[in-house]
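Thanks for making time this morning.

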Amino acid sequence: MSKEPISLRKALASFDALWSPRIVTRVNDYDVRVAKVEGEHVWHVHDDTDEFFLVLDGELHISLRESGGERTVLLPRGAVFTVPRGTEHRPYAPSGAAILLFEPTGTPSVGDRHDEIPHHVDATTGHALGT
């Protein structure tokens, strides 16, 4: 863990891969991750943890499958949203976005259960390949 301030702008500028979160720091047993996202991620579920999203730049949509049906939340720059554990969800960013995630250390980005990973996603990491 760094004892100096961390520039999220510099952290995001250090990589180009999409849907491939990078850990910028840790808080207790949680990773603080940043990611560049564009297009669609896979439908997935985190069985044992909530998933926190903060939009740093751009706009993120999160589709949710809940007991009352499917809905989509729209997160503009500066908005936060927490997907409750056990909720099937699919983040997507039609025009691209930069996000910050706060999750327990070791949480996979495709959750514990997920749709088949499309061919443009690295099957070993579950992360979409950059274009």
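**Strands, salt bridges and rings**

Let me begin with phenylalanine 52, whose bridge partner in E7 is threonine 82. Before I go further, please keep in mind that this is a predicted model, in which local features need pLDDT of at least 70 and side-chain atom pairs count only at pLDDT 80 or more, while totals for chains, interfaces and linings use all residues. Residues are numbered from 1 along each chain as its sequence is written, and side-chain values use heavy atoms, with hydrogens and water left out.

Threonine 82 belongs to strand E7, residues 80-83, where strands (E, at least two residues) and helices (H or I, at least four) are DSSP runs numbered from the N terminus. E7 and E4 run antiparallel and are joined by 4 bridges; two strands are said to pair if DSSP finds at least two bridges between them. Threonine 82 counts as partly exposed because its relative accessibility is 36%, the classes being buried under 20% relative accessible area, exposed over 50%, and partly exposed in between, with a 1.4 Å probe and protein chains only. In a regular strand the side chains alternate between the two faces of the sheet. In E7, Phe81 and Val83 make up the covered face, and Val80 and Thr82 the uncovered one.

Which residues does threonine 82 touch, if we do not count those up to four places away in sequence? They are Asp50, Glu51 and Phe52, with contact meaning heavy atoms within 4.5 Å. For glutamate 51, the C-alpha to C-alpha distance to threonine 82 is 5.5 Å, although the two are 31 residues apart in sequence.

One of those contacts, aspartate 50, also forms a salt bridge with arginine 85, with the closest N and O atoms 3.6 Å apart. Aspartate 50 sits in the loop between strand E3 (44-45) and E4, and arginine 85 in the loop between E7 and E8, so this pair ties together parts that are 35 residues apart in sequence. Here a salt bridge is a side-chain nitrogen of Lys or Arg within 4 Å of a carboxyl oxygen of Asp or Glu. Aspartate 50 is partly exposed at 31% relative accessible area, and arginine 85 is partly exposed as well, at 46%.

Let me turn now to strand E8, residues 88-104, which is mostly covered, with 12 of its 17 residues buried. E8 pairs in the antiparallel sense with strand E2, residues 30-40, over 10 bridges, and with strand E4, residues 51-58, over 6 bridges. Strand E5, residues 60-66, also runs antiparallel to E8, and 5 bridges join them. For orientation on the display, arginine 33 stands opposite leucine 101, glycine 58 has alanine 97 as its bridge partner, and isoleucine 62 has proline 91.

Arg26, Asp31, Arg33 and Glu103 are linked in a network of salt bridges.

Finally, the aromatic side chains: the structure holds 1 aromatic pair. The ring centres of tyrosine 30 and phenylalanine 102 are 5.0 Å apart and their planes are at 5°, so the pair is stacked. Rings of Phe, Tyr and Trp (its six-membered ring) pair if their centres lie within 6.5 Å, and planes under 30 degrees apart count as stacked, over 60 as edge-to-face and the rest as tilted. Tyrosine 30 is in strand E2 and phenylalanine 102 in strand E8, so the pair ties together parts that are 72 residues apart in sequence.
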